[in-house]
Amino acid sequence: MSAPAKDIQQAPEAGFGKRPLGKRLAGANTFWIALVLLALIIVFSAIAPGEFPTLFTFQTLLIETAVLLVLSVGMTFVIITSGIDLSVGSVLIFAGMVAGKVMEAMSGGNASNAGWGVITAGLLAAVVAGTLWGLLNGFLIAVAGIPPLIVTLGTMGAALGAAYLLNNGSDVRSIPVALNQTLGYGTSFGVVPNLVIVAVVITLIGAWLLHTTKFGRYTYAVGSNAEGARRAGIGVTAHLLKVYTLTGFLAGIAGFLSLAYYASTTISAHTTDNLNAIAAVVMGGTSLFGGVGSVLGTVIGVFIPAVLKKGFNITHVQDFWQMIAVGAVLIAAVWFDQRRRRRRNSR
């Protein structure tokens, strides 16, 4: 490895380690957004002490955020590279539709009683479908040089249209009962939903990949200064191709998880998942300008809208206020990031 490339990998850690812990926390977006989440939990627990801080509420919160969390992990990598992916929600739908159709085809048109061999084939179909869309996005962005916004806006519509074509605009509803009961609604250790366990494992792998490997260091380097990374010997084109492929791969897994939970492709339930994933990542402190972000922040960002929605439902506040509150938190997160960048650039 060339010396400049080595410097790029080591620089963030070196500069970060010299600052006192208090200043590092005060300057970290993740710290402040975690305080917001904690404050929301405390407020709703105080307002509805017998309803909000319960095991059932937190189980439901975890289940409702599991699919979005998997999508958001992939989105974290993309946004850190200073990119965007508007297609993940449609890719999720397409992957779920492919999995459903494959399982139906292997079961004579009705997969309700299908076994684990058919379910495994459905999983592989969903992963391959999502990965191929991610590969297409990466090729058009990294190799063809088309802006990410335009590419993923186009593939967002194309993937959704392809999903509709696969089943003539209808949802696939004959999903294996074994899949729904085991992965969709099953639990382990008595209280932990299996769906959540899968999402947590994927999140931990994503955190390991981003924060401890060369792939993660290159992701930060490309987002901070793509040209500088290229001159330091990093294959920027190849790396972007891998990042968007990874995002498609995770969207494919998310599509299969959604299929397991809803026992249907539920096309209409995922039309805003792309925007929700972007909002979660940005609220979690990942910079839209690239080069800054963490998987931990994304986890926190995913839970803020979920806690608001659950808290408002329990306290009988109209859902419209949730939209206003999430919008305010999102704008505040971007404003905080801009202030941090200006402060850093003025030094």
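Student: Where does Val196 sit?
Tutor: In this predicted model, Val196 is part of helix α9.

Student: Is Val196 buried or exposed there?
Tutor: Buried. The relative accessibility of Val196 is 8%, and the cut-off for buried is under 20%, so Val196 counts as buried.

Student: And what does Val196 touch, if we skip its neighbours within four places in sequence?
Tutor: Val196 is in contact with Leu62, Ile63 and Ala66.

Student: How far is Val196 from Arg231?
Tutor: Their C-alpha atoms are separated by 42 Å. Along the chain, Val196 and Arg231 are 35 residues apart.

Student: Back to α9. At what angle does it pack with α12?
Tutor: At about 170°. Helix α9 covers residues 194–212 and helix α12 covers residues 236–262, and their axes are 11 Å apart.

Student: What do you call that arrangement of α9 and α12?
Tutor: Roughly antiparallel. Angles over 145 degrees count as that, so α9 and α12 get the label.

Student: Which residues make the contact?
Tutor: From α9 you have Leu195, Val198, Ile202 and Leu209. From α12 come Leu246, Leu250, Ile253, Leu257 and Tyr261.

Student: How many nonpolar, polar and charged residues is that for α9 with α12?
Tutor: The contact has 9 nonpolar residues, with no polar and no charged ones.

Student: New topic: the largest nonpolar core. Which residues touch the most other members?
Tutor: Val70 and Leu179 do, out of 69 residues in that core. Helix α4 (residues 55–80) supplies the largest share of this core, 13 residues.

Student: What is Leu179 in contact with, leaving aside neighbours within four places in sequence?
Tutor: Leu179 is in contact with Met103, Trp116, Ile119, Gly184, Phe256 and Ala260.

Student: What's in the second, separate core?
Tutor: That one has 19 residues, including Met283, Leu308, Ile314 and Val329. As a general point, nonpolar side chains in soluble globular proteins tend to be buried together.

Student: OK, what about Thr286, where is its place?
Tutor: Thr286 is in the loop between α13 (273–283) and α14 (295–314).

Student: Buried or exposed, that Thr286?
Tutor: Thr286 is buried, as its relative accessible area is 3%. Not counting residues up to four places away in sequence, Thr286 touches several residues, among them Thr76, Ile79, Ile80 and Thr298.

Student: What does Val102 touch, not counting residues up to four places away in sequence?
Tutor: Ala121 and Ala125 are the ones that Val102 touches.

Student: And how far apart in space are Val102 and Ile119?
Tutor: They are 9.2 Å apart, C-alpha to C-alpha. In sequence, Val102 and Ile119 are 17 residues apart.

Student: Zooming out, how many helices and strands are in the protein chain?
Tutor: The chain has 15 helices and 2 strands.

Student: Why is the protein chain called as compact as a globular protein of that length?
Tutor: Because its radius of gyration is 21 Å, close to the 20 Å that the globule rule gives for 347 residues. The C-alpha atoms fill a box of roughly 65 × 55 × 35 Å along the principal axes.

Student: What percentage of the 347 residues is buried?
Tutor: Buried residues make up 49% of them.

Student: Last one: what share of contacts with a separation of 6 or more comes from residues 24 or more positions apart?
Tutor: Those residues account for 77% of such contacts in the protein chain.

How values were computed
Residues numbered from 1 in each chain as written. Predicted model: local features only at pLDDT ≥ 70, side-chain atom pairs only at ≥ 80, totals over all residues. Heavy atoms only, no water. Axes fitted to C-alpha atoms, helices over the stretch in contact; angles between N-to-C directions. Helix = DSSP H or I, 4+ residues; strand = E, 2+ residues; numbered from the N terminus. Parallel < 35°, antiparallel > 145°, perpendicular 65-115°, else oblique. Contact = heavy atoms within 4.5 Å. Nonpolar A, V, L, I, M, F, W, Y, C, P; charged D, E, K, R; others polar. Core = buried A, V, L, I, M, F, W, Y, C linked by side-chain atoms within 4.5 Å. Buried < 20%, exposed > 50% of the residue type's maximum accessible area, 1.4 Å probe, protein only. Rg over C-alpha atoms; globule rule 2.2 N^0.38 Å.
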